[in-house]
Amino acid sequence: MNPSGSTLQVGGRERLWSQALAADSGIQVGSCCQCLRCTNSCPVGPFMDLKPHQVVRLVQLGEKEQVLQSSAIWICLSFEMCSTYCPNEIDVAALMGRLKNAVVSTRKKPAERDIALFHRVFLEVLHAHGRMNDLQLLRRFKLESLLQGRLPGQEDLAEDLSLAWEPWKRRRLRVLPERSRGAVEIRKVLLQ
Ligand code: SF4
Ligand code: SF4
């Protein structure tokens, strides 16, 4: 039985996906013993449809579609508590990141549309400049949300403006993006 309760048939194609992911990332999900320490240490685990240990198990079994359609991979905030507490040194946080990128690169419909859009725009801004620019991030995120047909309500706008006011007063919001001297290295890291 898989974590969602259905009988699993581990086919060749599924196993190949799991093996390719392990080879490419170095994350050895095969070592997981389902001790649940990752899930028990995860601060946002209660809000996930699949818990971190279930994500690892499903990847082990090659259940690609179920994992990539889960909201858990978007709810994950990359705190890395799971990776720190895993007795078998499985980097669960990095696995979550890989799965997010797999959804983006295969243009699948993400379970959490807004979080996925924010994730993509965040990486694009970082990729372009090697450092974050909050105004660019906000502008692009809002624009793309609009293009996807999501109109902000008055409350959203008021909340955005009140959040932006404090960093603006402290001159923390830069209008023009600055390029990091380590932009090339950062780009390489992002492509890993
Ligand atoms: S902590 Fe590690 S070994 Fe334990 S369930 Fe999570 S991934 Fe598996
Ligand atoms: S990296 Fe993700 S899964 Fe791991 S503890 Fe943090 S939020 Fe939970």
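What pattern does the protein chain follow, read along the sequence? The pattern is α-α-α-α-α-α-α-α-α-α-α. The chain holds eleven helices and zero strands. This is a predicted model.

The C-alpha trace of the protein chain spans about 55 × 40 × 30 Å along its principal axes. The chain has 192 residues, and 21% of them count as buried. Take the contacts between residues at least 6 apart in sequence: 65% of these join residues at least 24 apart.

The largest nonpolar core has 25 residues. Val55, Val56, Val59, Cys82, Val92, Leu95 and Met96 have the most contacts inside this core. The largest share comes from α7, with six residues.

Which residues does Val56 contact, once its neighbours within four places in sequence are left aside? They are Val29, Cys32, Ile90, Val92 and Leu95. Of these partners, Val92 and Leu95 are also listed among the core residues with the most contacts. Cys32 leads on to a ligand, as one of the residues that come nearest to ligand 1.

Ligand 1 has 14 residues around it. Cys32, Cys35, Cys38, His53 and Cys86 come nearest. Helices α2 (37–41) and α3 each supply at least two residues of this shell. By class, the shell around ligand 1 divides into ten nonpolar residues, three polar and one charged.

Ligand 2 is surrounded by 14 residues. The closest are Cys42, Cys76, Phe79, Cys82 and Ala93. Here α6 and α7 each supply at least two residues. Helix α7 gives the largest share of the shell, three residues. Eleven residues of the shell around ligand 2 are nonpolar, two are polar and one is charged. Cys82 links this site to the core, where Cys82 is among the residues with the most contacts.

Finally, look at a helix pair. Two packed helices are described by the angle between their axes and the distance between the axes. Helix α8 (residues 113–129) and helix α11 (residues 183–190) have axes that come within 7 Å and cross at roughly 140°. On the α8 side, Leu123, Leu126, His127 and His129 make the contact. On the α11 side, the residues are Ala183, Ile186, Arg187 and Leu190. The contact divides into five nonpolar residues, two polar and one charged.

Methods: Residues are numbered from 1 along each chain as its sequence is written. Chains are lettered from A and ligands numbered from 1 in the order in which they are written. This is a predicted model: local features need pLDDT of at least 70, side-chain atom pairs count only at pLDDT 80 or more; totals for chains, interfaces and linings use all residues. A nonpolar core is a set of buried Ala, Val, Leu, Ile, Met, Phe, Trp, Tyr and Cys residues joined through C-beta atoms within 7 Å. A residue is buried if 20 or more other C-beta atoms lie within 10 Å of its own, exposed if 12 or fewer, and partly exposed in between; C-beta atoms are placed from the backbone. Helices (H or I, at least four residues) and strands (E, at least two) are DSSP runs, numbered from the N terminus. Two residues are in contact if their C-beta atoms, placed from the backbone, lie within 7 Å. A residue is near a molecule or strand if its C-beta atom, placed from the backbone, lies within 6 Å of it. Ala, Val, Leu, Ile, Met, Phe, Trp, Tyr, Cys and Pro count as nonpolar, Asp, Glu, Lys and Arg as charged, and the others, Gly among them, as polar. Axes are lines fitted to C-alpha atoms, for helices over the stretch in contact, and angles run from 0 to 180 degrees between N-to-C directions.
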